[in-house]
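Visitor: I would like to learn how to read a structure like this one. Please take me through it step by step.

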Amino acid sequence: MTTDYDVIVVGAGAAGLAATQTLVSVGLSVICIEASDRVGGRTHTDTSIFGVPFDMGAHWLHAEHANALKAPGLNLGLDLYPAPDNGMTSGLEDDAVLWDEVDEIQAAVTKAAQVDREAEEHSGNSTDRSLADIFVDKGPWSFTAAMTFALSLARDLPDTSLRDLDAWEGGDDWFCREGFGHLIARTATGLPIKLSTPVTDIKAKPDGIQVTTTNGKTSAQAVIVTASVGVLAEDVIRFDPPLDAERRSAFELITMGDYNHAGLVFQPGTLSVPSDTWLTYHLEPDSHGVARGGGFLCNVSGTGLTSFESSGSFSRDLQEMGPDSAIEHALETLTGFFGTSVKQNFIKGHATAWRKEPYVRGSYAGANPGGYTARTVLGCPHTERIHFAGEASHQSQQCSVSGAHLEGIRAARNVLTGHFKFSGVRTH
Ligand SMILES: Cc1cc2nc3c(=O)[nH]c(=O)nc-3n(C[C@H](O)[C@H](O)[C@H](O)COP(=O)(O)OP(=O)(O)OC[C@H]3O[C@@H](n4cnc5c(N)ncnc54)[C@H](O)[C@@H]3O)c2cc1C
């Protein structure tokens, strides 16, 4: 079969761009096919809404010591800087009471994961549990402390796997003043990308792959699919041969959570806290054990933009209720902390709804208790020529841009060494 390309990459998010760059760097003919009209996927900086960079998706460069985008960002001359250590907790003069509880929960997670690892090694069976299972209510700030963990994994306590949480690479966070989405979009410069072209079918032929898009058919020797677990689980792309039962079960174990940003712009000086202050506040569980609140990143990079961040079922409910709900909730909450000037000085708001994005369908993929090993399944090839990459399959930087980027490189290397018999693959 004479094919149009050596490799087709489906999706121009962090994973797809890294895969494309890796393959292009060794001289292969590659096309990256993207459904939407822009690159970046879940890492997207908008400047049109507020006139200042608003990261609608990823904003934090987590675990800077291991973050694969830090060096490319610095090399591009972007203004990257450490997230200041200036968290505040509304309602607490000294928030050590909260952070002591956070440390205790961290220790309990580490211990429970270690016990489970040992049991698994001994018996071959994991009895991974949820964050809710080890939650101990010690006082008024216990639930808020537990939510700091569930918040970052975009889930409620009962849906958060301890082993998945324990695997998460810790460390200091950094920010990119121009926006993390801007950084990712800059890495796409010069790459062969076709936008506004949804892929509908991927079919294995005897000696190649046929990819059908809404704009026609094309072919390659191999394909790397980087669509989210949400997109794949809902069969937005049909595969021939069909995806096997093991991957289908993995979609039940590693599922898309909910995390959203509501950006709010105020007159300068309205929120009297330093740039990039992470503002926590007291959270209570409702009758279903769900926190009806989140956290605020105030005065983002010194601008008048503040980002309200919600997760889990509460975030899902806010999306269902419509874009104004998150903004109203955020304004009410901030008014409680800073007074009525918040509403008087409010200029504009915008809330994301990632669950409603047809080519994403959620925020990022977390493991249900017991499901963390399925990340390996998601990263395995479907056939010799059909490969997968994305945030969901990274083992220690799951749910992150850096993890997605590294997965893109891994899949590209597998294609090169396994299929094209390349050795000594260069990567950026
Ligand atoms: C609100 C929010 C906040 C976040 N915060 C952080 C953070 O602070 N730090 C961090 O590191 N991570 C964060 N994340 C997670 C991070 O954004 C993702 O892990 C990462 O961007 C995923 O990259 P990816 O390439 O795996 O997937 P995607 O970014 O989803 O890329 C996949 C691409 O495939 C395209 N696609 C899908 N289906 C098709 C099709 N049929 N045909 C063609 N193209 C298709 C999509 O349009 C998309 O562009 C956040 C995510 C969200 C939503």
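The talk below covers the ligand shell and then a sheet.

Guide: This is a predicted model, where local features need pLDDT of at least 70, side-chain atom pairs count only at pLDDT 80 or more, and totals for chains, interfaces and linings use all residues. Residues are numbered from 1 along each chain as its sequence is written.

Visitor: Which residues come nearest to the ligand?

Guide: A residue is near a molecule if its C-beta atom, placed from the backbone, lies within 6 Å of it. Here 43 residues are around the ligand, and Gly 11, Gly 13, Gly 41, Ala 58 and Gly 390 come nearest.

Visitor: Why does the ligand lie between domain 1 and domain 2?

Guide: Domain bounds come from an automatic or database domain assignment. Domain 1 (5-40 + 188-255 + 364-419) and domain 2 (88-171 + 258-356) both give residues to the shell, so the ligand lies between them.

Visitor: Which strands form the open sheet, and in what order?

Guide: Strands (E, at least two residues) are DSSP runs, numbered from the N terminus, as are helices (H or I, at least four). Two strands pair if DSSP finds at least two bridges between them. Six strands form the open sheet in the order 6-15-16-17-14-18, with mixed pairing. Strand 6 (88-89) and strand 18 (346-351) are the edge strands, each pairing on one side only. Strand 6 runs parallel to strand 15 (residues 277-280), and two bridges join them. In strand 15, Leu 279 stands opposite Met 88.
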